[in-house]
Amino acid sequence: MPTLHSENLLDPEWTGELWGAAGRPVLLLTETGEDRSAWWPVAARLATAHAVAVLDLPAGGRIGDRAETLAEFIARMGTRAPVIAAHGRAAVIASLFACRYVAHGVAAIEQPLDAPAADEDTAAALEEVTAGPRKVKCRYLSVFSAEPRPGYAAWLAERIPGAECAVYGTAGRYPHLSAPERFTEDVSALAS
């Protein structure tokens with residue numbers, strides 16, 4: 001299915017496509033090094049009711065700086081309170097954005113917020129999201145292929161009131177792509 005629009009959206013490192021033209025904005029973020037075309041089946045489904053942007057995150061840089069750049073992109077789109085769906089480390093960026101700015105919802109895919117951090121930057125971002133002075137005040141859904149750990153859903157709900165976990169029971173690290181119909185329904189519910 002062709003995209004409505006494709007261009008360099010912010011600077012030479014931020015690229016993506018826009019799908020659909022109306023409805024609550026939904027941003028689909030790829031993890032650095034991943035191919036954004038994997039989002040296309042989800043984008044095509046969501047574009048029937050939402051303005052969808054599929055974005056490549058710029059490689060490198062601190063998570064906080066990348067959340068700020070995401071805020072700049074959203075401001076340039078001329079929108080407020082998007083739903084952001086992000087996979088892996090991109091989910092940390094989306095969660096940090098929701099901590100600092102207004103989001104309508106976040107779908108964090110395969111990224112437990114209590115996971116051991118790979119580096120100090122990730123640890124600081126996870127700390128800000130789960131225990132910082134600003135709280136995530138939007139709808140929040142953690143999506144996993146398999147149960148992340150016993151008690152994770154309760155742990156998450158203590159830190160982000162109203163947060164929910166969805167276990168899709170799919171193989172691999174890409175439940176949103178293994179079950180695109182269910183994921184599309186979940187994101188649409190976040191956007192309502």
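## Overall build

The protein chain carries 7 helices and 8 strands, where helices (H or I, at least four residues) and strands (E, at least two) are DSSP runs numbered from the N terminus. This is a predicted model, in which local features need pLDDT of at least 70, side-chain atom pairs count only at pLDDT 80 or more, and totals for chains, interfaces and linings use all residues. Residues are numbered from 1 along each chain as its sequence is written, and side-chain values use heavy atoms, with hydrogens and water left out.

A compact globule of 192 residues would have a radius of gyration near 16 Å, and the 15 Å of the protein chain agrees with that. The radius is taken over C-alpha atoms, and the globule rule is 2.2 Å times the number of residues to the power 0.38. Along its principal axes, the C-alpha trace spans about 40 × 35 × 30 Å.

## Burial and contacts

Of the 192 residues, 52% are buried; buried means under 20% relative accessible area, exposed over 50%, and partly exposed in between (1.4 Å probe, protein chains only). Among contacts with a separation of 6 or more, 65% join residues 24 or more positions apart, contact meaning heavy atoms within 4.5 Å.

## The nonpolar cores

Let's look inside. The largest nonpolar core has 38 residues, and L29, L70, L113 and Y140 touch the most other members. Helix 3 (residues 89-100) gives this core its largest share, 9 residues. A second, separate core holds 23 residues, including L28, V52, V83 and I109. Such a core is a set of buried Ala, Val, Leu, Ile, Met, Phe, Trp, Tyr and Cys residues joined through side-chain atoms within 4.5 Å.

L29 is a handy place to start on screen. Leaving aside neighbours within four places in sequence, L29 is in contact with residues that include W39, L55, L57, L70 and I84. Also among the contacts of L29 are H87, A90 and A94.

E128 sits in helix 4 (residues 120-131). This glutamate counts as buried because its relative accessibility is 18%. Not counting residues up to four places away in sequence, E128 touches L96, C99, R100 and R134.

C138 belongs to the loop between helix 4 and strand 7 (139-144). With 9% relative accessibility, C138 counts as buried too. Its contacts, leaving aside neighbours within four places in sequence, are A98, A103, H104, G105 and V106. The C-alpha atoms of C138 and V102 are separated by 7.7 Å, although the two residues are 36 residues apart along the chain.
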